[in-house]
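This report goes through selected sites of the structure one at a time, beginning with the ligands and ending with the backbone. Please keep the sequence and the 3D view open while reading.

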Amino acid sequence: MHELGIVFYIIRDVKQAAAEHGVSKVSGVVMDIGEVSTIVPEYLTDCWRWAADKEELLKGSELKINIIPAVTYCDECKSEYETVRHGRKCPRCGSERTWLLRGNEVEIKSIEVPETY
Amino acid sequence: MDNIKVIEIKKSVFEDNEIDAENLRKELKAKGVYLLNLMSSPGAGKTTTLIRTINLIKDKLRVAVMEADIDSDVDAVKIKEATGIQSIQLHTGGMCHLDAEMTRQGIDNLDLAGVDLVILENVGNLVCPAEFDTGAARNAMILSVPEGDDKPLKYPLMFSVCDLVVINKIDVQPYFDFDIEKCKSYIKMRNPNAEVIPICAKTGQGVEALAEWLIRQVKLWKNQ
Ligand SMILES: Nc1nc2c(ncn2[C@@H]2O[C@H](COP(=O)(O)OP(=O)(O)OP(=O)(O)O)[C@@H](O)[C@H]2O)c(=O)[nH]1
Ligand SMILES: [Mg+2]
Ligand SMILES: [Zn+2]
């Protein structure tokens, strides 16, 4: 499953960041997930629960997800529009010379550490 | 309750893979080994197409194959029996795609002496493999007629990362309303530079064009 693989990458990156900052306990990980990134947030948090609890550093930690709305830019009329609502075709001028501005993110935004650690 | 300290990270989960992939690509370039990443839905005809194509090119290029499968090793055995070339199995451990690190482990298990071309048969899936750069020189995919000509619209990322789209199973076209020209125009919307080669892997029809494409690619890449 896609989301479990992604969770393993997140855990690897969080471990690395924790080591760099000399942190031994993480209570939360905040993710920016694009609306059209193909990640299903509920699956991601389910996989997180299963995998994170196996790690001392991350036991009981919460995965918090910010959804980043997808926005497409039209090269023809230089405007922006909601991707999910209108798809590839610009609702203003009908052009298909459009590209995704944001909404494809799978990004670790920050980690939260209890102050005593 | 403890106070919480926030550490900003701001890092894409794909970032490390992209670095690994770039490193692998450079190493393979230095060794003169062209890696092709072949993707498709399950059952589109990757293994059948590989067998046909390899039998046409194996006198001109030294080829090796890596078969990514979630569990079994039937494809690796099939390739070895039907073509006689070096073929190994990569187990993905339940993953839906291969990343650059897993690809490297496969490469390390191959005997690369004299090898010009390594073909990676990725896990059958149109979503995940497209998101993970394997370190290949080029990506190719196979779309089979029964899947429908609208797939480039539904899986845009896959089609935008592929330099070659093979349309397979054209023998069954009369039974499906698959329009090759329409499909080509959808592919061009995602990737104006993609080449499209229609074939029937079952009979071998059109496979010469695919063999020529591969030979030309490897030659161009070696000289660049
Ligand atoms: N009619 C027809 N059948 C084909 C053609 N190419 C492959 N097949 C059949 O399609 C089925 C799947 O082919 P494979 O080559 O195993 O496909 P694959 O993409 O390697 O499959 P996975 O590795 O399981 O994802 C087999 O039964 C093939 O015989 C073709 O051109 N025409
Ligand atoms: Mg196969
Ligand atoms: Zn417009």
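## The site of ligand 1

How many Å separate a polar side-chain atom of Asp75(B) from an oxygen atom of ligand 1? In this model, which is predicted, the distance between the polar side-chain atom of Asp75(B) and the ligand oxygen is 3.0 Å.

The shell around ligand 1 holds 17 residues, of which Lys46(B), Thr47(B), Thr48(B), Glu121(B) and Asp171(B) come nearest. Sorted by class, this shell is made up of six charged, six polar and five nonpolar residues. The element that gives the most to the shell is helix 2 of chain B, spanning residues 46-57, which supplies three residues.

## The magnesium ion

Ligand 2 is a magnesium ion, and its protein donors are the OG1 atom of Thr47(B), an OD atom of Asp75(B) and an OE atom of Glu121(B), at 2.1 to 2.2 Å from the ion. Along the chain these donors follow the spacing T-x27-D-x45-E. Thr47(B) belongs to helix 2 of chain B and Asp75(B) to helix 3 (residues 74-83) of chain B, so this pair ties together parts that lie 28 residues apart in sequence.

Over all chains, a search of the whole structure finds four aromatic pairs. One of them is the pair of Tyr9(A) and Phe132(B), which is stacked, with 5.3 Å from centre to centre and 20° between the planes. Tyr9(A) lies in helix 1 (residues 2-20) of chain A, whereas Phe132(B) lies in the loop between helix 5 (128-131) and strand 6 (138-144) of chain B, so the pair joins two chains. Both Tyr9(A) and Phe132(B) are buried.

Phe132(B) also pairs with Phe14(B), this time edge-to-face, with 5.2 Å between the centres and 75° between the planes. Because Phe14(B) sits in the loop between strand 1 (4-12) and helix 1 (15-31) of chain B, and Phe132(B) in the loop between helix 5 and strand 6 of chain B, this pair ties together parts that are 118 residues apart in sequence. With a relative accessibility of 11%, Phe14(B) counts as buried, and Phe132(B) is buried with a relative accessible area of 2%. Tyr9(A), Phe14(B) and Phe132(B) form one aromatic cluster.

## Two further buried residues

Asn168(B), in strand 7 (residues 164-168) of chain B, is buried with a relative accessible area of 3%. The side chain of Asn168(B) reaches the backbone nitrogen of Ala201(B) at a distance of 2.9 Å.

In chain A, Tyr73(A) is part of strand 3 (residues 71-74) and, at 18% relative accessibility, counts as buried. Between the C-alpha atoms of Tyr73(A) and Cys47(A) the separation is 33 Å, the two residues being 26 apart along the chain.

## Positive phi angles

Most residues other than glycine have a negative phi. Thr38(A), which is not a glycine, has a positive phi near 75°; it lies in the loop between strand 1 (28-34) and helix 2 (41-52) of chain A and is partly exposed, at 38% relative accessibility. Lys10(B), also a residue other than glycine, has a positive phi of about 55°. Lys10(B) is placed in strand 1 of chain B and counts as exposed because its relative accessible area is 54%, where the cut-off for exposed is over 50%.

How values were computed. Residues are numbered from 1 along each chain as its sequence is written. Chains are lettered from A and ligands numbered from 1 in the order in which they are written. This is a predicted model: local features need pLDDT of at least 70, side-chain atom pairs count only at pLDDT 80 or more; totals for chains, interfaces and linings use all residues. Side-chain values use heavy atoms; hydrogens and water are left out. A residue is near a molecule or strand if one of its heavy atoms lies within 4 Å of it. A polar contact is a pair of N or O atoms within 3.5 Å; within protein, one must be able to donate a hydrogen and the other to accept it, and residues adjacent in sequence count only if both atoms are side-chain atoms. Helices (H or I, at least four residues) and strands (E, at least two) are DSSP runs, numbered from the N terminus. Ala, Val, Leu, Ile, Met, Phe, Trp, Tyr, Cys and Pro count as nonpolar, Asp, Glu, Lys and Arg as charged, and the others, Gly among them, as polar. Donors are N, O and S atoms within 2.8 Å of the metal (3.2 Å for Na, K and Ca); water is not among the atoms, so sites may look incomplete. Rings of Phe, Tyr and Trp (its six-membered ring) pair if their centres lie within 6.5 Å; planes under 30 degrees apart count as stacked, over 60 as edge-to-face and the rest as tilted. Buried means under 20% relative accessible area, exposed over 50%, partly exposed in between (1.4 Å probe, protein chains only).
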